[in-house]
Amino acid sequence: MTVVDTAALLAALESADLSLPEKLHAAGAAVDARLEPAAMNRVIAVLTALRSTSLAPHHAVTVSLLLGEALRAAGQAEAGFDTLTDALGALREVDPGIRDLVVQRFTRNALALRRGEEALRRLRESLGDAIPAAQPALELSRIMASLGRLDEAVTVLTRTIEAGRTAGPEAAELVRQRGVLLERQGETTAAVADFTAGNRLMPADAPPDERALASASLSTTLHNAGRPDEAAQAADRALELARAGGSPHALGAALTARGNVCLGSGQTRLALHHYHQALLEFATVGTRDHEVVLLNNIAHCYLGLGQLHLHAKYLGWALDSAEELDDRENRPLALLNMSVASSPREARGLITEAWGLYAERGDRQGQALALCRLAQVLQWQDQHADSLHFFGMAADIGRTIGDSRAIAVIHGEMGDLSVSLGRPDSAWDHYEQSWAAHETMRRLTFAESVQLDMSAETQSCVAGAMQLALAQESAVEGSGARDGTSGPAASALWRSRLFTVLERSRARVLVDRLGSTPTASAALPVHVRDRLAGLAEQVRTRQHLLQAHRSGDGDGTEAEPERLERLTSDLRRARAEFDEFEAFAAQSFPTYRSFTTVDPGDESAFDAAMGERVAVVEYAAVGEELISLVRNRGRLSVHRHGSLAEAAALDQELAGLCWDSPDTGRITELSRRLHTQLLEPVERAGALAGAGELIVVPTPKVFEFPVEALLGADGYAFEKYAVTYLPSLSVSRFLRALPSSYEPALIMANPDGTLRRAEEEVEAIRRQLRNITAGGPLVGGTATKKAFTRWAPSARLVHLAAHTDLQPDAPAFSSIVLASEGPDGTGHLEVRDLLPLRLEPCLTVLSGCGTGRGSEAGTDEMIGFVRAFLAGGSCAVLATRWPVRDRPTSLFMHTFYEGLIQDALHPLEALNRARDHLRAQGPFRHPAFWAPFTYFGLPPGWKARAGTDRRTVPE
């Protein structure tokens with residue numbers, strides 16, 4: 001309002017010609033105008049004079065209301081509160097509209113002045129014992145909540161809701177406010193129910209901004225309840241409504257909710273972007289209500305990104321804002337965050353203050369957070385017993401309120417601490433509780449990229465549990481006690497526990513997918529699908545630029561180190577953007593990627609399926625040591641293989657020699673050395689006695705060179721064992737039996753015309769099969785991605801002879817290069833394209849270069865073609881470890897299919913026959929030619945369930 005407007009308004013207000021209603025209207029306008037102190041004092045003088053006259057109850061209450069607000073605006077908050085308190089005495093004599101306004105303003109002032117007890121007493125005296133109406137009930141609950149009396153606040157709201165005297169927006173607000181209080185009590189399930197019900201109660205014609213705020217609140221509650229996919233949907237709905245309504249406040253709330261979802265799913269950069277945007281939106285309307293929360297969240301993002309200077313800066317701003325705004329609700333979180341960057345003594349003071357604020361509000365989640373922070377400080381000071389005590393208190397609160405993430409993290413920490421205190425059984429119990437909580441969270445998560453991140457989160461817990469189990473297995477083995485705490489029985493128990501750790505952590509996302517029903521990306525809206533395609537193309541472009549530079553095809557305009565660093569950074573950013581958007585798509589549209597978390601099978605079931613001739617060797621890295629667990633004829637044994645780094649170096653050098661140009665002497669030497677480290681300890685212990693078939697579950701860190709090509713004193717390993725591979729033993733539960741017939745078959749070869757021998761290979765296969773899809777092999781330009789997508793789902797044999805484009809930096813974008821479709825089409829069949837497949841039980845043969853390779857996804861999970869085909873439904877995959885030459889590959893495949901089709905051999909038996917045949921050819925007897933072909937699947941002796949659909953898993 002301009003100076004002229006202010007002068008005119010004050011002149012009118014002080015005029016004796018105005019009626020009382022006109023004066024009250026002018027006074028209301030003056031209060032709302034937030035005048036300068038001198039002008040506001042003139043308004044106060046007029047209202048004070050009016051208040052001293054004889055007025056009807058309705059007008060008297062209105063004058064007191066305006067005067068109280070004017071005094072507060074002039075900086076006389078105490079006097080304003082006293083004036084509003086006087087107005088409460090006449091509330092029963094005024095209409096509900098004025099009553100609700102007085103109660104609302106009175107509550108706001110009381111909370112600002114921290115006079116909650118007095119305000120509660122005054123309101124109760126004024127309202128009486130009757131069930132309060134909607135607005136008084138809301139204000140009573142707010143005051144009670146400020147005093148930490150959450151149960152009473154919930155009771156007040158419940159009585160008013162159940163009285164059924166409200167409807168529409170009032171009823172919706174009551175139910176949502178109860179949801180807020182229930183959430184603070186940790187009753188997240190009930191809170192979600194109330195927020196959902198509150199949103200349904202809103203009128204259909206409610207403004208978009210109001211509905212946006214309601215959806216944003218629902219999203220935050222769902223996020224806190226550990227339901228990320230539903231939270232994402234609610235946040236997206238809030239964004240849509242906020243943009244339609246145009247309110248910066250609603251848009252800021254929606255962006256905050258979306259940021260919470262992104263942060264919770266590991267999309268830190270995207271979360272940071274949303275939080276910064278939310279700050280800007282709130283700033284445009286001058287509100288600072290969410291400032292402390294957003295600054296805290298931004299600080300957390302910078303911590304996750306490793307930018308510690310910005311983390312500290314935003315923490316300081318958050319704490320300063322909390323003090324300036326007297327934000328007691330968000331101040332404790334700022335205190336806890338600041339304690340991270342403080343000395344132990346200062347940290348304990350900050351944590352104690354935060355605990356007091358949380359306790360004052362009755363916020364149990366906050367109390368658990370403060371206890372955890374205190375436990376960490378004590379742990380740093382080597383006060384382990386006290387630390388364990390406070391972690392235990394926090395875990396109890398987490399269980400009470402059902403916070404799975406808190407339970408998982410806390411029990412992982414307690415497991416580590418129990419190890420330090422020499423309590424192995426207690427430590428194991430804590431690790432088990434941590435895993436169980438992680439599984440609970442995974443059941444609510446649809447996006448594979450998010451599941452992989454969650455698997456990575458468990459790795460510290462897994463590492464601790466494995467080291468504990470291995471140490472205990474060794475320590476109790478030689479003891480002769482009979483009480484079960486030591487001796488052979490205890491050793492067997494810890495071996496079994498070690499096996500359990502591996503199976504719970506290895507290839508877990510693949511196991512989840514095998515137990516679920518994925519659907520195609522057609523479930524996505526067109527604009528989302530187009531965005532994904534565009535981001536994927538950006539990744540491919542940057543991959544090719546980086547590859548060209550590494551191969552020496554750069555333009556020479558930039559110095560080598562700087563250009564390599566820039567191209568690598570560009571690819572990393574493109575991948576991060578794609579991963580974040582794909583996770584968003586999967587969360588927002590659950591039918592895009594749907595998972596059911598499946599618990600790994602038990603040992604007795606594996607023993608029953610293995611029979612007499614099958615043994616399993618499962619390698620694992622425990623710290624810097626390589627170990628193996630061998631399962632054979634119902635017996636589980638543990639073996640140590642020395643340095644993990646030494647084994648990995650030998651493995652990689654061997655594969656590299658075979659990949660580039662075979663140095664037969666060096667390969668033979670290294671193969672003997674690696675056999676000594678990997679197989680000899682197991683064989684020397686007699687752990688493979690009687691085994692003719694060997695399932696190897698490798699660790700990704702030692703996976704380049706095949707076990708079957710290791711050379712011992714009595715020959716190559718494959719001459720003694722039929723060797724096959726699985727990502728984890730649990731995967732065996734979902735692999736169906738091979739088909740009784742390999743027809744119809746999909747055969748695709750030589751898409752780009754450079755693999756002439758591949759056509760000979762395919763012709764030899766064609767002569768042994770009668771039923772081939774598409775009327776015959778698809779060769780050259782007919783071997784397209786579209787043809788693959790059409791015919792693969794119904795095939796019982798899939799054979800692809802094509803080049804590959806391997807992308808170790810982005811394995812989901814590795815591709816089998818098929819024929820291009822049209823001038824702008826692409827023939828790249830990428831790993832990520834294979835994931836939504838739903839194949840019939842089939843055998844897949846990939847005779848291109850390096851099709852059996854993959855990249856570790858931050859966990860014991862290899863991302864590549866083999867995993868993708870197994871996830872899509874293939875019973876088994878025959879793939880290659882390194883580039884294969886045309887002539888030996890053609891000979892190999894001819895012999896392999898002759899054994900598979902004509903002689904009805906199991907694929908593994910046909911594979912070994914083809915190896916022998918190739919070795920008998922003078923030029924190709926070296927492992928570099930016959931060893932790259934590797935079988936991923938079940939061996940002949942495994943008792944597979946031919947009629948079981950692997951996707952139908954009992955709860």
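Reading the labels on a predicted model

Biologist: Why is Cys372 called buried?

Modeller: Buried means under 20% relative accessible area, exposed means over 50%, and partly exposed lies in between (1.4 Å probe, protein chains only). Cys372 has 13% relative accessibility, so Cys372 counts as buried.

Biologist: What are the ground rules here?

Modeller: This is a predicted model, in which local features need pLDDT of at least 70 and side-chain atom pairs count only at pLDDT 80 or more, while totals for chains, interfaces and linings use all residues. Residues are numbered from 1 along each chain as its sequence is written, and side-chain values use heavy atoms, with hydrogens and water left out.

Biologist: What makes Cys658 buried?

Modeller: The relative accessible area of Cys658 is 0%, so Cys658 is buried.

Biologist: How many disulfides are counted?

Modeller: The count is 0 disulfides. A disulfide here is a pair of cysteine sulfur atoms within 2.5 Å.

Biologist: Why is Arg633 called partly exposed, and where does Arg633 lie?

Modeller: Arg633 has a relative accessible area of 47%, and is therefore partly exposed. Arg633 sits in the loop between β2 (625-632) and β3 (635-643); helices (H or I, at least four residues) and strands (E, at least two) are DSSP runs, numbered from the N terminus. Arg633 also has a positive phi of about 55°, although it is not a glycine.

Biologist: What makes Ala904 exposed?

Modeller: Ala904 reaches 63% relative accessibility, so it counts as exposed. Ala904 is in the loop between α38 (886-902) and α39 (907-920), and its phi is positive, near 55°.

Biologist: Is Gln177 buried or exposed, and what is it in contact with?

Modeller: Gln177 has a relative accessible area of 11%, so Gln177 is buried. Gln177 belongs to helix α10 (residues 168-184). Contact means heavy atoms within 4.5 Å; leaving aside neighbours within four places in sequence, Gln177 is in contact with Leu138, Ser141, Arg142 and Leu157.

Biologist: What makes a set of residues a nonpolar core?

Modeller: The members are buried Ala, Val, Leu, Ile, Met, Phe, Trp, Tyr and Cys residues, joined through side-chain atoms within 4.5 Å. The largest such core has 146 residues, and Phe788 and Trp942 are among those with the most contacts inside it. Helix α25 (residues 459-477) gives the largest share of this core, 8 residues. A second, separate core has 52 residues, including Phe195 and Leu336.

Biologist: Which residues does a cis peptide bond join?

Modeller: Glu743 and Pro744, with omega about 0°. Pro744 is in the loop between β7 (722-725) and β8 (745-749).
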